Amino acid sequence: VEERNLLSVAYKNAVGSRRAAWRIITSVQQKETSKGNSDNASWAKEFCGKVEGELQSICDDILSLLGDVLIPKALSDESKVFYQKMKADYH
């Protein structure tokens with residue numbers, strides 16, 4: 001149970017920090033665009049794409065781990081439900 005919770009918290013933190021960064025970068029991009037500063041807006045858009053790529057990679061990793069390893073090998077129904085809910089969170 002503790003290992004499941006640690007795994008869940010680790011991925012939640014990894015995704016949460018990138019989502020927060022994405023929101024900030026998107027806000028900066030919008031402000032720079034409204035100011036007419038296309039150079040900074042372009043930079044923000046490029047960086048936003050990098051953060052989106054990181055998010056996609058993290059989600060793909062956990063979905064693969066859950067689908068290929070953890071769910072099929074879970075022994076208890078409680079574990080299977082936990083992992084299925086976690087899978088839904090990252091889909």
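Mentor: Leaving out residues up to four places away in sequence, Arg4 is in contact (heavy atoms within 4.5 Å) with Glu78, Ser79, Phe82 and Tyr83. This is a predicted model, where local features need pLDDT of at least 70 and side-chain atom pairs pLDDT 80 or more, while totals for chains, interfaces and linings use all residues. Residues are numbered from 1 along each chain as its sequence is written, and side-chain values use heavy atoms, with hydrogens and water left out.

Trainee: Is Arg4 buried or exposed?
Mentor: Arg4 counts as buried because its relative accessible area is 8%; buried means under 20%, exposed over 50% and partly exposed in between, with a 1.4 Å probe and protein chains only.

Trainee: Which helix is Arg4 in?
Mentor: Arg4 sits in helix H1. Helices are DSSP runs of H or I, at least four residues, numbered from the N terminus.

Trainee: At what angle do H1 and H2 pack?
Mentor: About 160°, with the axes of H1 (residues 2-35) and H2 (residues 38-73) 9 Å apart. Axes are lines fitted to C-alpha atoms over the stretch in contact, and angles run from 0 to 180 degrees between N-to-C directions. H1 is therefore roughly antiparallel to H2, a term for angles over 145 degrees.

Trainee: What about Ala88, buried or exposed?
Mentor: Ala88, in helix H3 (residues 77-90), is exposed, because its relative accessibility is 54%. The C-alpha atoms of Ala88 and Arg4 are separated by 15 Å, and the two residues are 84 residues apart along the chain.

Definitions and conventions:
Helix = DSSP H or I, 4+ residues; strand = E, 2+ residues; numbered from the N terminus. Parallel < 35°, antiparallel > 145°, perpendicular 65-115°, else oblique.
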